[in-house]
Amino acid sequence: MRTTPSLIIASMVLLLPLTGAVAQAPHQKALQLRSNATPRAAWDNSPAGQWTYRSYLNDPSVMVNADPDPAAQALSPIYGSDNVANAVAALKALNLIFGEGIITFDPPAGNALTGNLDMGGGLVLDLKGTMQTTPSGDIGIVVIGTGRAGTKTEGWEYDYKATTAPKWPNGVDQVPTLVGTVIRAKPHNGEPAGVIASFIAIKH
């Protein structure tokens, strides 16, 4: 059976060693794509509900056209130089993921905002903060995420600041999205405080 380039790239990504990124949470299994997605409800960027959260290390390196390292270049005679370059670029991009999970916000009580961030594997942060709505309808949030006593996240603290992305009047199926940054406010598991990542959160 003939092996397609996409299968080659996928197999190479699995075979190449990972360069460990300092992560907020272990890499989670890939979220299932919405293959049979139902039509989305009317635009609603209010915080209440579930949001898929994903944060990224702020590395300015160019990933797409970066030269593969010598170990990867040695695979070129087997897989072809283009396939090796694509696989390495994909792996480098994957290693930028700092944390991933599902944010659930409770209905706000005035400007008070609560909820949790579930990253799987027993890694849960309780969220508490405030929100503000601008005259244009955009929402800004300032939230502190704290770990739960007696769990894997005991002693953790991550602080989040974000705003909803503007809605395009001529956009097609635009999804409400939070865009912001997160900081590790307290050290834990041998990792220092002060590490910052950018994040997006996409509303379900």
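Biologist: Where do I start, how are the strands arranged?
Modeller: The model is predicted. Eight strands close into a barrel in the order β1-β2-β3-β4-β5-β6-β7-β8, with antiparallel pairing. On average, neighbouring strands of this sheet are turned by 30° against each other, direction ignored.

Biologist: How many bridges join β1 to β2?
Modeller: Eight, and the two strands run antiparallel. Trp51 stands opposite Ile103 in β2.

Biologist: And how many between β2 and β3?
Modeller: Four bridges join that antiparallel pair. Thr104 has Asn116 in β3 as its bridge partner. The two strands form a hairpin with six residues between them, and Gly110 in the turn has a positive phi of about 70°.

Biologist: What about β3 and β4?
Modeller: They pair in the antiparallel sense over seven bridges. Their hairpin has five residues between the strands, and there Gly120 takes a positive phi near 85°.

Biologist: Which residues of β3 are on its covered face?
Modeller: Leu113, Gly115 and Leu117 make up the covered face. The uncovered face of β3 has Ala112, Thr114, Asn116 and Asp118.

Biologist: Which residue in β4 is opposite Asp118?
Modeller: Val124.

Biologist: Is Val124 buried or exposed?
Modeller: Val124 counts as buried because its relative accessibility is 12%, and the cut-off is under 20%. Leaving out residues up to four places away in sequence, Val124 touches Asn116, Leu117, Asp118, Thr146, Gly147, Arg148 and Thr153.

Biologist: How far is Gly147 from Val124 in sequence and in space?
Modeller: They are 23 residues apart in sequence, and 6.5 Å apart in space from C-alpha to C-alpha.

Biologist: Changing topic. Which residues touch the most other members of the largest nonpolar core?
Modeller: Phe105, Leu117, Ile141 and Tyr160, out of 24 residues in that core. Each of the strands β1, β2, β3, β4, β5, β6, β7 and β8 supplies at least two residues of this core. As a general point, nonpolar side chains in soluble globular proteins tend to be buried together.

Biologist: What does Ile141 touch?
Modeller: Not counting residues up to four places away in sequence, Ile141 touches Phe105, Leu113, Thr130, Met131, Tyr160, Lys161, Ala162 and Leu178.

Biologist: Why is the pair of Phe98 and Tyr158 edge-to-face?
Modeller: Because the ring planes are at 65°, and the edge-to-face class starts over 60 degrees. Phe98 lies in strand β2 and Tyr158 in strand β6, so the pair ties together parts that are 60 residues apart in sequence. Phe98 and Tyr158 are buried.

Biologist: Which residues do ring pairs link into a cluster?
Modeller: Tyr53, Tyr160 and Phe199.

Biologist: What sits over the ring of Trp43?
Modeller: The charged end of Lys167, 5.3 Å from the centre of that ring.

Biologist: Last one. Where does His188 lie?
Modeller: His188 is in the loop between β7 and β8. It counts as buried because its relative accessibility is 9%. Setting aside neighbours within four places in sequence, His188 is in contact with Trp156 and Tyr158. That Tyr158 is the ring partner of Phe98.

How values were computed:
Residues numbered from 1 in each chain as written. Predicted model: local features only at pLDDT ≥ 70, side-chain atom pairs only at ≥ 80, totals over all residues. Heavy atoms only, no water. Core = buried A, V, L, I, M, F, W, Y, C linked by side-chain atoms within 4.5 Å. Buried < 20%, exposed > 50% of the residue type's maximum accessible area, 1.4 Å probe, protein only. Contact = heavy atoms within 4.5 Å. Phe/Tyr/Trp six-rings, centres within 6.5 Å; stacked < 30°, edge-to-face > 60°. Lys NZ or Arg CZ within 6 Å of the ring centre and 35° of its normal. Pairing = 2+ DSSP bridges. Axes fitted to C-alpha atoms, helices over the stretch in contact; angles between N-to-C directions.
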